[in-house]
Amino acid sequence: MSVPTPSVTSGDNLRTTLEEGCAKNRWMQKLGELDWQSFFPHVASPSRTPIEQQLYWKLLHRRLPVNAYLKTKGNFVPNRGCVVCGEQVETIEHVFFECPNVQTFWKTFRIYMIKFLQMTEAELPEFTLRDTIFFFPELCKTLVPEELHVLTVCHSVALWAIWSMRSSANADVLLWPCFLSRLEARVFLEYENICKNGNISADKESINTFASRWCNDKSLVKLTTDGIIFSSS
Ligand SMILES: [Zn+2]
């Protein structure tokens with residue numbers, strides 16, 4: 001079946017469509033209250049690529065074609081649940097959080113973010129479904145813009161990797177490498193984009209911004225005279 005492809009051009013568009021549907025109420029019943037006014041800009045953030053914004057838009061609107069959704073639309077659905085763990089009903093919550101494989105992924109992701117953001121384990125507690133769907137609503141209030149950019153990129157890439165791997169029987173070994181390779185590509189692309197205008201002073205300012213986002217003391221991204229080096233561990 002075809003799933004409507006949204007145009008996520010602003011937080012306002014998202015707010016209008018989400019508030020007109022029932023998805024917002026269903027999420028709030030599961031995940032509690034949310035300050036939607038400050039949340040919407042995180043979905044249409046320029047730190048997400050258009051494709052990542054669309055994936056997040058569909059996730060929030062509960063319009064991703066998981067088996068539970070397809071059945072409500074009267075579509076024929078093969079008699080299978082989660083191919084990774086065998087759970088019989090494939091829901092959005094299962095795919096993005098509850099599947100044991102994805103639980104392992106989020107645990108590793110958390111340790112990774114603690115390194116990137118130079119936080120303590122106490123400052124970044126174990127993730128909940130609310131954190132992953134509502135984009136860390138409590139944590140976001142404490143971050144500076146550079147940290148928020150890193151978290152937004154990593155969250156976008158994580159959702160994309162989880163969705164890409166959902167039908168793979170080898171997702172237990174492929175999900176983390178899939179996340180890392182996409183993240184590496186995203187960081188390199190960001191670096192390339194700031195180096196291509198040829199204006200040395202503008203480049204220097206942009207490179208400083210890049211470094212303040214990705215290259216802190218214990219960072220996994222190193223800035224060298226020849227470019228950047230991405231370390232995966
Ligand atoms: Zn599963």
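I count a residue as buried under 20% relative accessible area, as exposed over 50%, and as partly exposed in between, with a 1.4 Å probe and protein chains only. By that rule I recorded Arg110 as buried, because its relative accessible area is 7%.

**Entry 1: the model.** I noted that this is a predicted model, in which local features need pLDDT of at least 70 and side-chain atom pairs count only at pLDDT 80 or more, while totals for chains, interfaces and linings use all residues. Residues are numbered from 1 along each chain as its sequence is written, and side-chain values use heavy atoms, with hydrogens and water left out.

**Entry 2: the zinc site.** Which residues coordinate the zinc ion? I found Cys82 (SG), Cys85 (SG), His94 (NE2) and Cys99 (SG), at 2.1 to 2.4 Å. Donors here are N, O and S atoms within 2.8 Å of the metal (3.2 Å for Na, K and Ca); water is not among the atoms, so sites may look incomplete. Along the chain the donors follow the spacing C-x2-C-x8-H-x4-C. Cys82 lies in the loop between α5 and α6 and Cys99 in the loop between α6 and α7, 17 residues apart. Helices in these notes are DSSP runs (H or I, at least four residues), as are strands (E, at least two), numbered from the N terminus. Cys82 counts as buried because its relative accessibility is 9%, and Cys99 is buried at 3%.

I then looked up the geometry. The angles among the four donor atoms run from 97 to 118°, and the site is tetrahedral. Four donors count as tetrahedral if all angles lie between 85 and 135 degrees. The ideal angle for four tetrahedral donors is 109.5 degrees.

**Entry 3: salt bridges.** How many salt bridges does a search of the whole structure find? The search gives nine, each being a side-chain nitrogen of Lys or Arg within 4 Å of a carboxyl oxygen of Asp or Glu. I looked up three of these pairs.

- Arg182 and Glu52 meet at 2.9 Å, N to O. The pair joins distant parts of the chain, with Arg182 in helix α11 (residues 171-195) and Glu52 in helix α4 (residues 50-60), 130 residues apart. Arg182 is buried at 18% relative accessible area, and Glu52 is buried at 3%.
- Glu93 and Arg62 meet at 3.0 Å, N to O. Glu93 is in helix α6 (residues 92-98) and Arg62 in the loop between α4 and α5 (67-72), 31 residues apart. Both Glu93 and Arg62 are buried.
- Arg110 pairs with Glu126, the closest N and O atoms being 3.5 Å apart. Arg110 belongs to helix α7 (residues 100-116) and Glu126 to the loop between α7 and α8 (129-133), 16 residues apart.

I also noted that salt bridges with shared partners join Lys30, Arg62 and Glu93 into one network.

**Entry 4: Val173.** Is Val173 buried or exposed? I recorded Val173 as exposed, because its relative accessible area is 55%. Val173 is placed in helix α11. Its C-alpha atom is separated by 9.1 Å from that of Asn101, 72 residues apart along the chain.

Terms used: Tetrahedral: all angles 85-135°; square planar, octahedral: opposite > 155°, others 65-115°.
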